[in-house]
Amino acid sequence: MSDKRMDELLEQLREEYNVPPQTPRQEMWDVIEAGLGESGPSVISLDRARRGRRPMWHGPAGWAAAAAALLVMGVGIGRLTAPMEVASRGASLAPVGVSALRTAAVEHLGETEALLTLVRAEGRGGTLDPVVRPWAVTLLTQTRLLLDTPGGVDSNIRDLLEDLELALVQIVGVGEAEAGGSAQAGVELDLALRGLDNRELMPRLQAILPELTGLAGT
Amino acid sequence: MSQGVKSENSAINELAALTDLDLVERARSGDQAAFRQLYDRNVDRIFRLAYRMAGEDDLAKDFTQEAFLRAFQRLDQFRGDAAFSTWLHSIAVSVALNGLRKVDRHRKRERSLEDAAHVTPGRRQMEPDVRERLEQAIEALPDIYRTVFLMHDLEGYGHREIAETLDVAEGTSKARLFRAREKLRAALGEEMQEYV
């Protein structure tokens, strides 16, 4: 291909490939200003939440402790003794822990799906039920426990959990903004709902749950 | 003109006369108007680049917003070694690439050529087959090539600025652009000889 023809194509590309529309200056500034002005969770604190997370448990014993913590919180289904056995018998019993964690993950993801369904339904009305915030806080804690368990979940679930973590931080932020009577609550809610859609969380949850449920034998 | 409006205009003019570095200093001390001035000076180029990379309005807005928010929250980390706009571009490119990787795991980037709504009237448009091949070839470029290609050939950035933004040598930027163009040429291939 001649250089001249290539130059022609490049010129046409400039006019036709992902051509930016007029910059929505004020619309974006409103979001940025809200993020700067709010001390509650926002895009900024989402990033901080992610950067600030450190693995809490390492090695087989710590891994079992994570499972135990999840189960104690009621995420697991009556397997309180399983992680204790893992802890006492060492790494050779890891498969038992894997099963317990997978079961906990299924329960957790199912509950998260229920919360997100509620948030989406209520979000259309412009506010969230007060029950949402404490529920989201609990699920956020559980999400981080699962994420901070080395080897506890496979990469697909980890990706989903990371996105759920961000969504839950946003939802907690909405709850805090609403509880505090902040004028930015609507913006936070809009951001949270858009985040759910952009990350396609509901379809991903609905796709992964049946598969995971089968693996967990529940 | 009222005294208040005069005073406001005067403040705006004062900010407009400041360098980015001065504005950063003011923003660090909490001056909201300085944040806005930094935003106004840079938002068009950041949004355009984000849009070229994302091909979607919502994604481009998200990337732009997140880039500014991150930059404003990390102003204390800006040492002034490079221009503020370069530093901001580095953050924006990083945000966009990370965001696109996440999006691409679940869906392909939207085809944009067919939807191009801003084609200059009267300008000869690309043949559909060429467009499709080029689009696929651009989408298939590795990030390091695609980013340089979009910045240089579509948005008109110079190699020096690209190099500073991506924290690579200027020669690396040129080499990446060369490789990107070669890949596009190869993608058009022999089937396109009639146009060549």
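## Burial and make-up of chain B

A residue is called buried if 20 or more other C-beta atoms, placed from the backbone, lie within 10 Å of its own, exposed if 12 or fewer do, and partly exposed in between. By this count, 36% of the 196 residues of chain B are buried. The model is a predicted one, in which local features need pLDDT of at least 70 and side-chain atom pairs count only at pLDDT 80 or more, while totals for chains, interfaces and linings use all residues. Residues are numbered from 1 along each chain as its sequence is written, and chains are lettered from A and ligands numbered from 1 in the order in which they are written.

Chain B contains nine helices and zero strands, where helices (H or I, at least four residues) and strands (E, at least two) are DSSP runs numbered from the N terminus. Its pattern along the sequence is α-α-α-α-α-α-α-α-α. Of the contacts in chain B between residues at least 6 apart in sequence, 64% join residues at least 24 apart; a contact requires C-beta atoms, placed from the backbone, within 7 Å.

## Helix H4 of chain B

Helix H4(B) covers residues 57–73. The expected span of a helix is 1.5 Å times one less than its number of residues. For the 17 residues of H4(B) this gives 24 Å, and the end C-alpha atoms are 24 Å apart, which agrees. Of these 17 residues, 13 are buried.

## Packing of H2(A) on H4(B)

Helix H2 of chain A (residues 25–37) packs with H4(B) at an angle of about 35°, and the axes are 10 Å apart. Axes are lines fitted to C-alpha atoms, for helices over the stretch in contact, and angles run from 0 to 180 degrees between N-to-C directions.

H2(A) contributes Met28(A), Val31(A), Ile32(A), Gly35(A) and Leu36(A) to the contact, and H4(B) contributes Lys61(B), Thr64(B), Gln65(B), Phe68(B), Leu69(B) and Phe72(B). These residues divide into seven nonpolar, three polar and one charged. Here Ala, Val, Leu, Ile, Met, Phe, Trp, Tyr, Cys and Pro count as nonpolar, Asp, Glu, Lys and Arg as charged, and the others, Gly among them, as polar.

## Positive phi in two loops

Most residues other than glycine have a negative phi. Glu200(A) has a phi near 50° and lies in the loop between helices H9 (185–198) and H10 (201–216) of chain A. Glu200(A) counts as partly exposed because it has 15 C-beta neighbours inside 10 Å.

Asp167(B), with a phi of about 55°, is in the loop between helices H8 (159–166) and H9 (170–188) of chain B. Asp167(B) has 10 C-beta neighbours inside 10 Å and therefore counts as exposed.

Terms used
Contact = placed C-beta atoms within 7 Å.
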